[in-house]
Amino acid sequence: MARLMNRDSFPSRSSAITSVLVILTAMTSDPAAAKIPMPCPISDVPALMVICPAGDIEYKVVTRTLANNPWSRDFVTIDFCPCRGFRFAPIAAGPYVMSASGCSVSVMPDYNGISRFALSGGGNSTADTVVVWADGIRLCELDAVVPLDQDGDLAVGEPDRAIVRAKLGSHAPEADFDGDGVVTELDVRTLEQHLGHVHPDSSTPARATSWGRIKRLWH
Ligand SMILES: [Ca+2]
Ligand SMILES: [Ca+2]
Ligand SMILES: [Zn+2]
């Protein structure tokens, strides 16, 4: 099913629409369709994800069935594994379940089909692919993951602000926090609202001098 629903695998838009209609038509008469989550846009997966190392920005996924009912039968997973420049904060007991590999996170939806991800992490994710899965079905691929912690030390500080300011006027997606396609002062202001925010595990303070310790925790 995941392969069938992968929009990237279709040769053209018209054939993609035809194929999806055939699948959806077949599923309408299938009682099992009431028990599985549908890919975007039936399920709602925001294209832009902004992440603060303090975990104070909520990213909300809403999973729905073909009949537009909430789906909450199993975990919803966000897979960051292709993002070699991105890292999650080492949280012992976070609001999400982390895979053993440390690069994908899962949340159990509530009865309304809502999964709330208050992710804590940082580092560059440019040009990498982040995919949202549920019940083995590929729901959607994100357009952009934008970390406020640009340099990946798990804190939002002056170096991060300098990185974003250096990209003012550019189309750099990794510094475009509002997703309007250009890096402006508004994006800098967004970062400034999180200046000083660090990852929530106080036993591993995110300062430049603690880089070695953070790295050891991660590897
Ligand atoms: Ca930083
Ligand atoms: Ca912008
Ligand atoms: Zn923050």
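Two residues are in contact if their C-beta atoms, placed from the backbone, lie within 7 Å. On that basis, residues 24 or more positions apart account for 69% of the contacts in the chain with a separation of 6 or more. This is a predicted model, in which local features need pLDDT of at least 70, side-chain atom pairs count only at pLDDT 80 or more, and totals for chains, interfaces and linings use all residues. Residues are numbered from 1 along each chain as its sequence is written.

**Confidence**
- The chain has a mean pLDDT (the predictor's confidence in each residue, from 0 to 100) of 81, and 74% of its residues reach 70 or more.
- Over residues 1-11, pLDDT stays under 50.
- Residues 205-219 also stay under 50, with 19 contacts beyond four places in sequence.

- Of the 219 residues, 34% are buried (20 or more other C-beta atoms within 10 Å of their own C-beta).

**Strand S2**
- The chain has five helices (DSSP H or I runs, at least four residues) and 11 strands (E, at least two).
- S2 pairs (at least two DSSP bridges) with S7 (residues 114-117), antiparallel, over four bridges.
- Lys60 stands opposite Arg116 in S7.
- Tyr59 and Val61 form the covered face of S2, Lys60 and Val62 the uncovered one.

Notes
Chains are lettered from A and ligands numbered from 1 in the order in which they are written. A residue is buried if 20 or more other C-beta atoms lie within 10 Å of its own, exposed if 12 or fewer, and partly exposed in between; C-beta atoms are placed from the backbone.
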